[in-house]
Amino acid sequence: MTYYKTSHQVNYGKRIIPLKMIEHMSFDDWEEFIEEWIEIKKSEYNEAERFGGAGDKGRDVVGYVSDKHKANYIWDCYQCKHYDSALTPTQVYKEFGKILYHTFQKEYPKPRKFYFVSPKGCGTSLSKLLQNPTELKEAIKKNWVRYCENDISSKQVILEGELLKWVNNFDFSIFKKIHTKNILKEHINHPNHLIRFGGGLPEREKLDTSTIPSSIQNSETIYVNQLLSAYASESNENYKKVEELDTKKLYKNHFNRARISFHHAEQLRNFSRDSLPIDTFEDFQKEILGGIIDIVEDEHSNSFIKVKEAEKEARKIVISSNPLKDVSIINDRSGVCHQLVNDKKIKWI
């Protein structure tokens, strides 16, 4: 079977699926990716924390179920490994040893669960041990001298006495594994997912203008009052309420358009928050601000002219690289002008 060649192939080459991209992550990227995944598991954890590196005492990424500042807090541990092949017992015996030793030392409470997360997963021998807590305990004890005794602390840790009793009574069923494909399926809801793996933005829902509240909301008062002042600067009348525009067709029509565009921009802000890194919408606003700032700072015969000139310029601005350019519409750009007023970045009068 033959296929038509696409411009995307010419520009970017063959598409690499996310599971393969994960295999080529650096170790730091892999830990960051796992931390992002924990962050979006809001129903399970109230906080994620990444330790990693020397001195982590066996904790790479942690999900806190309860307040970490209180004694005996509840937590899950995610041990991140990024190797070229599936994990084997000999690669991770010391990770078991660290958890056993540091919980014995009361450095932290026993984790509720301890998960191995690795792009290639766990091999057959390790998977079998994780399915049988009794065999896992015996395997760790048998391999303690070789893999744990001199590798889990700055001092030698001999498995004897109270530590041996602690290990014998430890619940080894807490040790589990998680498939990368399941992590990836959930990570799709993180704002950084598209930046990491591409795939294009989801469709943006069309704003139903009938859902815009008929009354002015508290969150709108700044830009609304600025618009009323701008109309007043041209008419030489004083408007304190939007209802006073009912007999002023020119201003009333403009106000209705401005409010709809503001709500379009607010919808775009929410869309960006759900799909893209946190600063993406702020960068979009900055591009609009950069395009209108000279008009805002210029002298005008009245402020309503300033408003209209700024809106007109905003609609013409070409957004070159921000990913929101593919889903934004003209109304968003004039709406950002009023958001900037609402955020006190600019003012009309």
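This is a predicted model: local features need pLDDT of at least 70, side-chain atom pairs count only at pLDDT 80 or more; totals for chains, interfaces and linings use all residues.
Residues are numbered from 1 along each chain as its sequence is written, and side-chain values use heavy atoms, with hydrogens and water left out.

The protein chain contains 15 helices and five strands, where helices (H or I, at least four residues) and strands (E, at least two) are DSSP runs numbered from the N terminus. With a radius of gyration of 29 Å, well over the 20 Å that the globule rule gives for 349 residues, the protein chain is more spread out than a compact globule; the radius is taken over C-alpha atoms, and the rule is 2.2 Å times the number of residues to the power 0.38. The C-alpha trace spans about 90 × 60 × 35 Å along its principal axes. Of the 349 residues, 44% count as buried, a class defined as under 20% relative accessible area, with exposed meaning over 50% and partly exposed the range in between (1.4 Å probe, protein chains only). Accessible areas come from the Shrake-Rupley method with a 1.4 Å probe, and for residues only the protein chains shown count as cover.

The structure holds 27 salt bridges, each being a side-chain nitrogen of Lys or Arg within 4 Å of a carboxyl oxygen of Asp or Glu. One of them joins the side chains of arginine 50 and aspartate 28, with an N to O distance of 3.5 Å. This pair links distant parts of the chain, since arginine 50 belongs to strand β1 (residues 47–50) and aspartate 28 to helix α3 (residues 27–39), 22 residues apart. Arginine 50 is partly exposed because its relative accessibility is 26%, and aspartate 28, with a relative accessible area of 46%, is likewise partly exposed.

Other salt bridges lie within a single helix. Glutamate 266 and arginine 269 meet through their side chains at 2.9 Å, N to O, and because these two residues are three apart in helix α12 (residues 249–275), about one helical turn separates them. Glutamate 266 counts as partly exposed at 24% relative accessibility, and arginine 269 is partly exposed with a relative accessible area of 23%. In helix α14 (residues 303–316), glutamate 313 and lysine 316 are also three residues apart and so separated by about one helical turn; the closest N and O atoms of their salt bridge are 3.6 Å apart. Glutamate 313 is partly exposed, with a relative accessible area of 26%, whereas lysine 316 counts as exposed at 55% relative accessibility. Elsewhere, salt bridges that share partners join Asp28, Glu31, Glu32, Glu36, Arg50 and Arg196 into one network.

Charge also gathers on the surface, where Asp294, Glu297, Asp298 and Glu299 form a patch of negative charge. Such patches are made of residues with over 30% relative accessible area and no salt bridge, like charges being joined within 9 Å and nonpolar side chains (Val, Leu, Ile, Met, Phe, Trp, Tyr) within 5 Å. Aspartate 294, a member of this patch, lies in helix α13 (residues 280–297) and counts as exposed at 54% relative accessibility.

Two residues stand out by their backbone angles. Most residues other than glycine have a negative phi. Asparagine 236, although not a glycine, has a positive phi of about 60 degrees; asparagine 236 lies in the loop between α11 (221–235) and α12 and is exposed at 70% relative accessibility. Lysine 344, also not a glycine, has a positive phi of about 60 degrees; lysine 344 is found in the segment after α15 (330–342) and counts as exposed at 67% relative accessibility.

Two further residues illustrate separations across the chain. Isoleucine 317, in the loop between α14 and α15, is buried with a relative accessible area of 13%, and its C-alpha atom is separated by 52 Å from that of tyrosine 73, 244 residues apart along the chain. Glutamine 131, in helix α5 (residues 124–131), is exposed with a relative accessible area of 64%, and glutamine 131 and tyrosine 45, 86 residues apart in sequence, are 25 Å apart in space, C-alpha to C-alpha.

How values were computed: Lys and Arg count as positive and Asp and Glu as negative; His and the chain ends are not counted. The place of a charge is taken as NZ of Lys, CZ of Arg, CG of Asp or CD of Glu.
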